[in-house]
Structures are given as structure tokens and as C-alpha cells.
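This report walks through a single protein chain, from its overall build to a few individual residues. Please keep the sequence and the model at hand while reading.

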Amino acid sequence: MKEGLAVSMKHITKVFGEVMANHDVNFDLEKGEIHSILGENGAGKSSLMNILSGIYLPDSGSIFLNGKLAKFKSPRDAIHNGIGMIHQHFKLIPDYTALENILLGYPTEFFIRFQKHEQKIHALSAKYGLEVDLKKKIKSMSIAEKQKVEILKVLYRGAEVLILDEPTAVLTSQEADNLFSILRSMKDDGKSVVIITHKFAEVLDISDRITILRKGCNVDTVINQNIVPQKLADQMVGKSVDLSIKRNPVKNDAKEMLEVKNMSILGHEKKTALKSLNFTVHSGEILGVAGVAGSGQKELCESLFGLEHIKSGDVLFEGDSLVGKSPRDIIAKGISMSFVPEDRLGMGLVANMDIVHNVLLKEYQKQHGYFISRKSSRVKANHLIKKLNIDTPNAEHPVRLLSGGNIQKVLLGRELDNNPHLIIIAYPSRGLDIGSSHQIYELLNEQKEKGVGILFIGEDLDVLLEISDRLMVMCSGEITGIVDPRTTSKEKIGMMMSGKHLEDIHD
């Protein structure tokens, strides 16, 4: 580790209304260091880094870059000073291509020579293993592809200080390993990296030092030597935390709820996104879905919920076909199906609306007459805030100002409040701390005990193995196998995630 500080944040305080995001926080980042920040959702991690990246102005405190006082009035000032941040919720324009998004705000000539930049970005993406179709529009991309564009956008600006908020949440394990090797080479060149993550294994793998925040305050900064995840979890929460996930057995009287028969759909540019899928979901069962990012998980969720056109095959809910029916049609049939998408603010909630109005969006169709009443939605919103311990000043607070964990609680709480028969949920703990993640797992297990069928798309294989009753593995839009997570090895699942079918794998 090289001597000297790249960044020194002194006595930083930031308040949003009645919420104290950061209180007298001190944070030092050394040159040539990879520094992880841990904390529960709402602990102030992202707020602190948003101050460093020029998005927020601190209410008090100072920032020093290379020993000199720095004042940022905007993200542009931070970028000009060599600080780049990749956010948990993407800052991309949906109707623009990947190339246009990367070049937005980039200092260039009066007439942009796209071909020249495209060649440089292609070389950069190939070097870092972040290949994307630069001519593809953001709105047609998966979450994984959008994340790659964000990474390329920052790398193309040559940041000396790189801030990554949950950087591996949408990357495969191979891509994450590749990213980490890139970050280590940046460290060797004297660049500094800050990682905000909830994955303890990653923290212990890549960090030189670890800073723990709790309720907006410093708890500790430790050198990464002989530290165990349990100790980090306890410091984050402020008490002893049980890291295990319960899995109650499926009841004997479980019935078949959802049946998918030979379902295929077309994706981007009329390429087959899902190929002849066959599987079932039973009442009181959690069917986990494992697969590297972009294996068809997004298309699977949206086709089952009536958002994607099914090219061939059938989807049966308790014997009734859902093919060709919109979400409104499905609701009209009396089927209560809840969908918690991976894109929380893009598809799940309206970012600029408050909690009350986001709850209202799910139930206004049930009201009669010309005028919409917000009374019941306000009651439900306040009930969810209390039940799920959502950290918000009030029910009229815009959801975009909430932390990632609290946004997810609003979305999941709203969906569960409708007493669904079937829950389709994608990456529910993405970007969440250990406490919020386990609260969501407990909520899902409660629904399972009520006889609700759950299709759980996840990215953390350890979680999938613990919570799932059966595990369905996908690769390139196909099901490569459905296995018992209690008896199947990670190695076998990894082979199926890479494209090998279960019947072709020999023990």
C-alpha cells in the first residue's frame, strides 16, 4: 500500500428532513487501497459516497483530495477531480444507446466522432471482460447489461478514485473475479477503490481495510486480517445476528399451482429468449431459480406475469391457461399473483411518488366511482411502515429518497399485502444488508407456510441452496436441470449454470 491519503473526509454530517444520514463521519482512503464500507441499509454508506462523488453537499465537514481541501458543487466537479461512482440504481437514459450513454458529459470535440470512441470503448470492454452491444438501447437491456454500461462509463473517464455501490450484484462469479483482478491492478497503479457491498466473502477477499457504519455513525475501521463474517455482521447490526436461513418442509397436501408446458418466447431482435421450458410450482413451495445473469430469468418472470408475449407452449394456473392474458386480465380472473421485479424503481415502483401513492397503484382498480380515495392506501402504507420497520420520515416521503433496503421493503410489503396465491420474486436481497435480507427471507417463509407458491430468482447460490425446496437451473434460456438443493453439490450446479444438462453430468 502506497503512502499518503487519496481522500480524507472529516466530520461529515448530512441530514434529510428528520433523517440523519451521516453524523460526524470520518473516512480516509489511502492511495493504492481497496476499502470496503459495510453497514445496514440506511446506515449512511451510499449517502457518504454520494457526498464524495458530488451528488450531495455535506451540511458540515470537509473533504480533502491528496491533502488539499476540495469542494464539489456537482458530480462534474468530482469527475474532473478523478472521482467516479457506479450507483446501485443506474443513471442511464433508457432511449439512448449504450455508446451514447457512455459519452454523455464526456469532454469531446464539437462534432462527436462516434466511430473513434466506439473503437476505444470496444478495446476497453474487451480488456476488462465487459462486452456489451454499444448500439443497443438501454431500455432493451437486462440489469446485468446496464451495470456493464455504468462500469464502462466510469472506466472510460479514467477515474483515479473509483466508488462501486454493490458492484457484483449483477455479475457472474467469473465476471466478479475479473472485475476484482482489474481493481487489484488499479490498486497496483496507485489508484484507490471504495466498495459498498453486503457480501462478506467479497469484503474479506478483496479489501485492505473495512469501515463499518451504523445509523449514520462510524463504528470501526479494521485491517482485513483474520476477521470472520460473524463479527462483521454483529458490528453492523449492533447485536449478535443469526446468519442461518430457515427452510420448513413442504406440506404433504401441497397441490400443483403453476404448470409451465413447453413455453418459448422471443427476446431482443427476435432471438429466442426462452426455449421449451417445463416446470411446476406447488403450493407452500419455494422453487429457486439459479443461473448466470442473462440466462432468461427476466423474460421468465415477465412472461408468467403477462408482460411478455408467449410464442408457443402454455402456462396453467390451477388448470386455467394464462397465455395471451395481460396482468389486468389475470387479476380479472380472480388470480392474485404478485410480481417483485429486479428493477425496483424502473418497473416495481414509481420513484417520484410517495409510499401512499405507490400502494394506491396496486388497488385503485378495485375502487368504484369517479373519484379515487387515498384513505385505505394511507392506512396500508402506515401499516407496512410499522410492520416492516421501514425507515422513512412518513408515508408521504418519495420512495426514491429511501435506501435500497427500504425501497425493497415497500415493494415487497405492497405485493404481500394483496394475499397472493403465487409470488414471482427476482433478486429480493440484491444490494441489501444482512438484516434486511433475512427479514425478507422470513417474510417469504411466512407466505410459504400460508400455502403460497413462490418462484424465487436469486443470484447468491448459498442462499438459494438454503431457502429453496427445489432448485431449477437455467442457462441461455433453457432449463438444464431441476435438483434437490439438500443433496446436490455446488460443483454440479455450477456445471449446469455453464450449460451442461443434468442428465449429462456423471457423479
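Predicted model: local features only at pLDDT ≥ 70, side-chain atom pairs only at ≥ 80, totals over all residues.

Residues are numbered from 1 along each chain as its sequence is written, and side-chain values use heavy atoms, with hydrogens and water left out.

**Overall build**

The chain holds 17 helices and 20 strands, where helices (H or I, at least four residues) and strands (E, at least two) are DSSP runs numbered from the N terminus. Its radius of gyration is 23 Å, close to the 23 Å that the globule rule gives for 507 residues, so the chain is as compact as a globular protein of that length; the radius is taken over C-alpha atoms, and the rule is 2.2 Å times the number of residues to the power 0.38. Along the principal axes, the C-alpha atoms fill a box of roughly 70 × 50 × 50 Å. Of the 507 residues, 52% are buried, which is to say under 20% relative accessible area, whereas exposed is over 50% and partly exposed lies in between (1.4 Å probe, protein chains only). Among contacts (heavy atoms within 4.5 Å) between residues at least 6 apart in sequence, 66% join residues at least 24 apart.

**Nonpolar cores**

In soluble globular proteins, nonpolar side chains tend to be buried together. A nonpolar core is here a set of buried Ala, Val, Leu, Ile, Met, Phe, Trp, Tyr and Cys residues joined through side-chain atoms within 4.5 Å. The largest one has 44 residues, of which Ile355, Ile425, Ile454, Phe456, Leu471 and Ile493 touch the most other members. Leaving aside neighbours within four places in sequence, Ile454 is in contact with residues including Val281, Ile286, Leu422, Ile425 and Leu444. A second, separate core of 33 residues includes Met257, Ile265, Leu455 and Ile479.

**Strand β19 and its partners**

Five of the six residues of strand β19 (residues 470-475) are buried, so this strand is largely enclosed by the rest of the structure. Two strands pair if DSSP finds at least two bridges between them. Strand β13 (residues 286-290) runs parallel to β19 and is joined to it by four bridges, with Val289 having Met472 as its bridge partner. Strand β20 (residues 478-483) runs antiparallel to β19 and is joined to it by five bridges, and Cys475 stands opposite Glu478 in β20. β19 and β20 form a hairpin with two residues between them, and Ser476 in the turn has a positive phi of about 55°.

**Single residues**

A search of the whole structure finds zero disulfides, a disulfide being a pair of cysteine sulfur atoms within 2.5 Å. For Cys475, the nearest cysteine sulfur, that of Cys301, is 17 Å away.

Most residues other than glycine have a negative phi. Asp24, in strand β2 (residues 19-30), has a positive phi near 55°, and Tyr427, in the loop between β17 (422-426) and α15 (434-449), has a positive phi near 50°.

The table lists the relative accessibility of selected residues.

| Residue | Relative accessibility | Class |
|---|---|---|
| Tyr427 | 8% | buried |
| Cys475 | 12% | buried |
| Thr97 | 16% | buried |
| Cys217 | 26% | partly exposed |
| Asp24 | 36% | partly exposed |

Thr97 is placed in the loop between β6 (83-86) and α3 (98-103), and, leaving aside neighbours within four places in sequence, Thr97 is in contact with Leu134, Lys135, Lys136, Lys137 and Ile138.
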